Amino acid sequence: HPRVRRQRQMCIRDRNYSLYYKIVMKAYIINLKKSVDRKKYMQEQLEKMFFLSAEFVEAVDARGMTEREKNVFFDTELFCKRYVKEVRPGEIGCTLSHQKCYRKLVESRDKYALILEDDIVIRHNIDTLVPEIEKLLNTDEPRVILLSGWYWYLGTKTIKQHYCLARVYDAFLTHAYIINREAASLLIEQRPFITADDWFYIRKKGVKLYAVLPHLLDQDWSGEYPTSINQEEKKRCPGLWKRKIEICFHSLLLKFLYIIKRFEKA
């Protein structure tokens, strides 16, 4: 009977609907305490990502730190040797904020978590990819999956429909990525010295770095929510010519990957 058939279809749909909405992933959203507008903006964005169990993490603002405090929490000398420039307060604050998220994940019972900064823009629906991403993160191997763009990659494999998983060589930006607890444990440092988006260093440390292609989340660069970090000019460190040459060679390799179309821009 048509009515019985419709009722059966509705029951099946409702059952699938309830199962679908049980998918929950922990998310840490990094937000400065005084950035109330950004927090409100992110709360609006989170309504579109129903599968997330979100927690706002108070960002570290290093602009108010003394030089002594900076050196207690961050190794400025090693930073200079790696990047041949002096560290800016925003870079310290960003790194320490992500370190807070790694510690929260390790101290929790969660196997992985999505880390977001408070200026994301949703490019594609993420919910359809959550089951596939969960499978990739349920492993003892330290893994990070970038949901952002601006990365160079070596190869890809299809994970669903037109979405691929890219094997990342290097990347920038930290506004959206998923990390498992094994990777978080590996990245926790008492006195870090890298930028939070030094993915090349993170990969060399033993983390398997992947990204969704095409990427899913962007940053809001419209100017409505202007950046509150790294507004200071870069100051170069003198000498360190060997490191400068290494950086030049690395840049040439990234240009090559760009030429052969192994680059996903933001």
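Where is the place of K261? In this predicted model, K261 sits in the loop between helix 9 and strand 11, and the backbone there has a positive phi of about 60° although K261 is not a glycine. Most residues other than glycine have a negative phi, and most peptide bonds are trans.

## Backbone details

K261 counts as exposed, because its relative accessibility is 68% and exposed means over 50%. A second residue other than glycine with a positive phi is V84, whose phi is near 50°, and V84 is found in the loop between helix 4 and helix 5. Is V84 buried or exposed? V84 counts as buried, since its relative accessibility is 4% and the limit for a buried residue is under 20%. The peptide bond that joins L213 and P214 is cis, with omega about 0°, and P214 belongs to the loop between strand 9 and strand 10.

Which order do the strands of the open sheet take? The open sheet has 9 strands in the order 2-1-3-8-5-9-7-6-11, and the pairing is mixed. Strand 2 (52-58) and strand 11 (263-264) are the edge strands, each of which pairs on one side only. Within the sheet, strand 5 (residues 143-146) and strand 9 (residues 208-213) pair in the parallel sense over 4 bridges, and V144 has L209 in strand 9 as its bridge partner.

## Helices and burial

Helix 2 (residues 36-46) has R38, Y41, M42, Q45 and L46 as buried residues. Seen down the axis of helix 2, these buried residues fall within an arc of 140°, and therefore they line one face of the helix. On the other side of helix 2, the residues V36, D37 and K40 are exposed.

Helix 6 (residues 130-137) has 6 of its 8 residues buried, so helix 6 is largely enclosed by the rest of the structure.

Helix 9 holds L257, which counts as buried at 6% relative accessibility. How many residues apart in sequence are L257 and Y169? They are 88 residues apart in sequence, while in space their C-alpha atoms are 9.4 Å apart.

The table gathers relative accessibility values for several single residues.

| Residue | Relative accessibility | Class |
|---|---|---|
| V84 | 4% | buried |
| L257 | 6% | buried |
| C164 | 17% | buried |
| C248 | 49% | partly exposed |
| K261 | 68% | exposed |

## The disulfide

A disulfide is a covalent bond between the sulfur atoms of two cysteines. The structure holds 1 disulfide, which is formed by C80 and C237, with their sulfur atoms 1.8 Å apart. C80 lies in helix 4 (residues 76-83) and C237 in the loop between strand 10 (217-219) and helix 9 (241-259), so the pair ties together parts that are 157 residues apart in sequence. Both C80 and C237 are buried.

## The cavity

Rolling a probe the size of a water molecule over the atoms shows where empty space is left. A search of the whole structure finds 1 cavity of 30 Å³ or more, and the largest cavity has a volume of about 90 Å³. Which residues that line the largest cavity are the closest to its centre? Of the 13 lining residues, the closest to the centre are Q99, Y102, L187, I194 and I202.

The elements that give two or more residues to this lining are helix 5 (89-107) and helix 8 (199-204). Helix 5 gives the most to the lining of the largest cavity, with 4 residues. By type, the residues of the lining divide into 7 nonpolar, 4 polar and 2 charged.

How values were computed: Residues are numbered from 1 along each chain as its sequence is written. This is a predicted model: local features need pLDDT of at least 70, side-chain atom pairs count only at pLDDT 80 or more; totals for chains, interfaces and linings use all residues. Side-chain values use heavy atoms; hydrogens and water are left out. A disulfide is a pair of cysteine sulfur atoms within 2.5 Å. Buried means under 20% relative accessible area, exposed over 50%, partly exposed in between (1.4 Å probe, protein chains only). On a 1 Å grid over the protein atoms alone, a cavity is a set of points where a 1.4 Å probe fits but cannot get out, and a pocket is an open set with protein on both sides within 12 Å along at least five of seven lines; lining residues have an atom within 4 Å of a point. Grid points are joined across faces, edges and corners, and a volume is the space filled by probe spheres set on the points. Ala, Val, Leu, Ile, Met, Phe, Trp, Tyr, Cys and Pro count as nonpolar, Asp, Glu, Lys and Arg as charged, and the others, Gly among them, as polar. Two strands pair if DSSP finds at least two bridges between them. The arc is that of the directions from the helix axis to the C-beta atoms.
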